[in-house]
Amino acid sequence: MDREVVLEEEDMEGSWTLLSLFASLLMTFGGALPYVPQFQEIRRRSSSEGFSTRVCLVLLIANILRIFFWIGKQFELTLLLQSVVMILTMFIMLHLCCSVQSTNQVSTKQHRLTDLNWNYFWKWSAFEDYLLFCFGLTVLCAVLTLLLLDSVVFVETLGSLAVMFEAMLGIPQLLQNFHHRSTKGMSVKMVLLWMAGDVFKTSYFVMNESPAQFWVCGSVQILIDVAILLQVLLYNQDTRAKLG
């Protein structure tokens with residue numbers, strides 16, 4: 001009898017281990033999945049007009065800061081790996097957008113980071129400029145972290161800034177949709193996957209007792225996702241009304 005109980009407990013522990021492993025893999029790579037349909041949409045239309053590349057800016061800053069936050073305050077390794085995967089994903093998206101824009105560009109005028117023109121910030125013509133900006137940000141964070149690593153205030157500020165930027169993920173897309181009064185070119189599947197991922201990861205943060213900043217960030221993101229989906233419904237109604 002005791003042996004049966006022990007075997008059942010071992011089976012439950014094994015099942016829980018597999019479930020935890022699956023959840024960790026989903027957390028690591030799941031954040032990149034929403035960008036697959038948007039990537040396909042940009043390639044299909046040969047235009048990145050409907051997608052706000054400032055989404056990439058927000059996520060790059062958030063995940064670079066999160067990596068340095070991990071150096072000062074070790075949390076789940078899964079979240080660190082997630083940041084690395086997300087940074088690579090954003091570079092892939094930016095590379096595609098730059099390639100499409102260079103193909104469709106009528107003017108020969110190139111906008112470069114070295115121009116130091118604020119009007120074209122994050123609207124550069126070359127992918128290398130985005131890499132250079134992120135490299136500069138990484139070096140700055142590395143120097144500050146090296147100097148202030150023993151400061152609890154600095155480390156917690158890094159964490160708060162990381163989740164604050166991540167919580168703003170959908171805002172650039174929300175504002176672009178509002179400015180254009182249209183969601184054309186934006187993948188609705190991407191937003192739906194954003195929401196599914198945000199619900200999942202917020203639950204994951206709560207269950208794993210992650211720092212409070214993480215689940216607060218997830219909750220804010222869910223609200224922004226809902227706002228973008230409401231835009232889709234509103235602007236589609238406006239389009240149908242005009243056609244009618």
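Predicted model: local features only at pLDDT ≥ 70, side-chain atom pairs only at ≥ 80, totals over all residues.
**Stop 1: the core**

Start with the largest nonpolar core, which has 55 residues. Select Tyr35, Phe51, Leu60, Met90, Leu94, Trp122 and Trp194. These are the residues with the most contacts inside the core.

At least two core residues come from each of α1 (2–30), α2 (35–45), α3 (54–72), α4 (77–104), α5 (127–148), α6 (152–167), α8 (188–207) and α9 (212–243). Which helix gives the most to this core? It is α4, with 11 residues.

Colour by domain next. Domain 1 (51–150) and domain 2 (167–243) both contribute residues, so the core lies between them.

Zoom in on Leu60. Leaving out residues up to four places away in sequence, Leu60 touches Ile87, Met90, Phe91, Leu94, Trp122 and Cys134. Met90, Leu94 and Trp122 are also on the list of core residues with the most contacts.

**Stop 2: a buried arginine**

Stay with α3 and select Arg66, which sits in that helix. Is Arg66 buried or exposed? Its relative accessibility is 2%, under the 20% cut-off, so Arg66 counts as buried.

Show what surrounds Arg66. Apart from neighbours within four places in sequence, its contacts are Phe75, Leu79, Gln82, Ser83, Ala162, Glu166 and Phe214.

**Stop 3: the largest pocket**

The largest pocket has a volume of about 700 Å³. Of its 27 lining residues, select Ser48, Thr53, Gln101, Trp122 and Lys123, the closest to its centre.

The most come from α4, with seven residues. Colour the lining by class to find 12 nonpolar, 12 polar and three charged residues.

Where does this pocket lie relative to the domains? Domain 1 (51–150) and domain 2 (167–243) both give residues to the lining, so the pocket lies between them.

**Stop 4: the second largest pocket**

Move to the second largest pocket, with a volume of about 340 Å³. It has 22 lining residues. Select Gly30, Gly31, Pro34, Gly197 and Asp198, which lie nearest its centre.

The helices that supply at least two lining residues each are α1, α3, α4 and α8. Here α8 gives the most, with seven residues. By class, the lining holds 12 nonpolar, six polar and four charged residues.

Keep the domain colours on. This pocket too is lined by residues from domain 1 (51–150) and domain 2 (167–243), so it lies between them.

**Stop 5: two loop residues with positive phi**

Finish in the loops. Select Ser46, in the loop between α2 and α3. Ser46 is not a glycine, yet its phi is positive, at about 55°. Ser46 is partly exposed, with a relative accessible area of 39%.

Then go to Leu116, in the loop between α4 and α5. What is its phi? For Leu116 the value is positive, about 55°, although this residue is not a glycine either. Leu116 counts as exposed, at 77% relative accessibility.

Methods: Residues numbered from 1 in each chain as written. Heavy atoms only, no water. Core = buried A, V, L, I, M, F, W, Y, C linked by side-chain atoms within 4.5 Å. Buried < 20%, exposed > 50% of the residue type's maximum accessible area, 1.4 Å probe, protein only. Helix = DSSP H or I, 4+ residues; strand = E, 2+ residues; numbered from the N terminus. Domains from an automatic or database assignment. Contact = heavy atoms within 4.5 Å. 1 Å grid on protein atoms, 1.4 Å probe; cavity = no way out; pocket = protein on both sides within 12 Å on 5 of 7 lines; lining within 4 Å. Points joined across faces, edges and corners; volume = space filled by probe spheres on them. Nonpolar A, V, L, I, M, F, W, Y, C, P; charged D, E, K, R; others polar.
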